[in-house]
Structures are given as C-alpha cells and as structure tokens.
Amino acid sequence: MTNSKSVLLCSCKTQLGGDKMINSNKLKGRMKEKGVTQAALAKYLKISQPTCCQKLNNTRQLTLDEANGICEILDISPEHFGSYFFIQ
C-alpha cells in the first residue's frame with residue numbers, strides 16, 4: 001500500500017519535556033498484529049536489525065522514507081499516521 005498523502009518528517013529524538021515522537025508500543029503492537037518481525041521490518045527498510053530496533057525505541061532518528069515504509073508494510077493509513085508517529 002502506498003500512501004498518497006504527504007506526511008511530515010518525524011523525529012524519534014526526545015522532545016523538550018521528555019516526550020517521544022514515535023509511539024513505540026503502538027507500532028510494536030501493530031507489528032505483532034500483522035506478524036512483522038523487527039528483522040523483516042529492517043530488511044524491508046534496508047537497514048540493519050540493530051538500527052531498526054534503535055529507531056523503534058526512539059534512540060535514533062526515523063526518516064520520512066522509513067516512516068512511509070513502516071506504514072506500507074504495516075498497512076497504516078494516512079489518517080492513522082499521526083497516532084503512530086506523533087504522540088503528545
């Protein structure tokens with residue numbers, strides 16, 4: 001599934017106030033629901049598994065292309081993008 005809408009670049013670094021940008025628990029839950037392992041996700045994104053783990057755990061930046069790739073493999077619609085990649 002290709003997302004036709006443009007999405008904002010998301011940063012997985014800690015924001016001021018200690019909040020995270022990526023909703024790790026929700027993404028990991030979706031991965032489990034869809035049967036996608038971190039190894040499979042890393043391969044799909046063409047990154048190493050440790051790098052994928054760091055990105056999912058908010059310790060490395062996630063690029064827009066990676067976020068879109070995650071949406072494609074996990075079938076996340078543009079309408080639900082924000083709930084996975086922007087948390088308050």
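What follows is a working chat about a predicted model.

Colleague: Let's start with the core. Which residues touch the most other members of the largest nonpolar core?
Modeller: This is a predicted model, to be clear. The largest nonpolar core has 19 residues, and Leu27, Leu41, Ile70, Leu74 and Phe85 touch the most other members.

Colleague: Which elements give two or more residues to this core?
Modeller: H1, H2, H3, H4 and H5. H4 gives the most, with four residues.

Colleague: Take Leu27. What is Leu27 in contact with, leaving aside its neighbours within four places in sequence?
Modeller: Ile22, Leu56, Ile70, Leu74, Ile76, Tyr84 and Phe85. Ile70, Leu74 and Phe85 are also among the residues that touch the most other core members.

Colleague: Now H1. Which residues of H1 are buried?
Modeller: Ser24, Leu27, Arg30 and Met31. They sit on the same side of H1, because they cover an arc of only 130 degrees around the axis.

Colleague: What do the buried residues of H1 pack against?
Modeller: H2, H3, H4 and H5.

Colleague: And which residues are exposed on the other side of H1?
Modeller: Asn25, Lys32 and Glu33.

Colleague: What about H2? Which of its residues are buried?
Modeller: H2 runs over residues 38-45, and its buried residues are Leu41, Ala42 and Leu45. They cover an arc of only 100 degrees around the axis, so they lie on the same side of H2. The elements covering them include H1, H3 and H4.

Colleague: Switching to charges. How many salt bridges are there?
Modeller: Three. One joins the side chains of Arg30 and Glu33, at 3.0 Å from N to O. Another joins Lys34 and Asp75, at 3.9 Å. Lys55 and Glu66 also meet in one, at 2.7 Å.

Colleague: Start with Arg30 and Glu33. How many residues apart are they in H1?
Modeller: Three, which means they are separated by about one helical turn of H1.

Colleague: Is Arg30 buried or exposed?
Modeller: Arg30 is buried, at 15% relative accessibility. Glu33 is exposed, with a relative accessible area of 57%.

Colleague: Next, Lys34 and Asp75. Which parts does that salt bridge tie together?
Modeller: The side chains of Lys34 and Asp75 meet at 3.9 Å, N to O. Lys34 is in helix H1 and Asp75 is in the loop between H4 and H5, so the pair ties together parts that are 41 residues apart in sequence. Lys34 is partly exposed, with a relative accessible area of 38%. Asp75 is partly exposed too, at 36%.

Colleague: And Lys55 with Glu66? Which helices hold them?
Modeller: That is the salt bridge with N to O at 2.7 Å. Lys55 lies in helix H3 and Glu66 in helix H4, so the pair ties together parts that are 11 residues apart in sequence.

Colleague: Is Lys55 buried or exposed?
Modeller: Lys55 is buried, with a relative accessible area of 9%. Glu66 is buried as well, at 10%.

Colleague: How buried is Cys52?
Modeller: Cys52 has a relative accessible area of 1%, so it counts as buried. Cys71 is buried with a relative accessible area of 1%.

Colleague: Last topic, backbone. What is the phi of Asn58?
Modeller: Positive, about 65 degrees, although Asn58 is not a glycine. Most residues other than glycine have a negative phi.

Colleague: Where is Asn58 found?
Modeller: In the loop between helix H3 (49-56) and helix H4 (64-74). Asn58 is buried, with a relative accessible area of 7%.

Colleague: And the phi of Asp75?
Modeller: Asp75 also has a positive phi, about 55 degrees, and is not a glycine. Its place is in the loop between H4 and helix H5 (81-85). That is the Asp75 whose side chain meets Lys34 in a salt bridge.

Colleague: What comes just after H1?
Modeller: Gly35, which takes a positive phi of about 70 degrees.

Colleague: And which residue follows H2?
Modeller: Lys46, with a positive phi near 60 degrees.

Key: Residues numbered from 1 in each chain as written. Predicted model: local features only at pLDDT ≥ 70, side-chain atom pairs only at ≥ 80, totals over all residues. Heavy atoms only, no water. Buried < 20%, exposed > 50% of the residue type's maximum accessible area, 1.4 Å probe, protein only. Salt bridge = Lys/Arg side-chain N within 4 Å of Asp/Glu carboxyl O. Arc of directions from axis to C-beta. Contact = heavy atoms within 4.5 Å. Core = buried A, V, L, I, M, F, W, Y, C linked by side-chain atoms within 4.5 Å.
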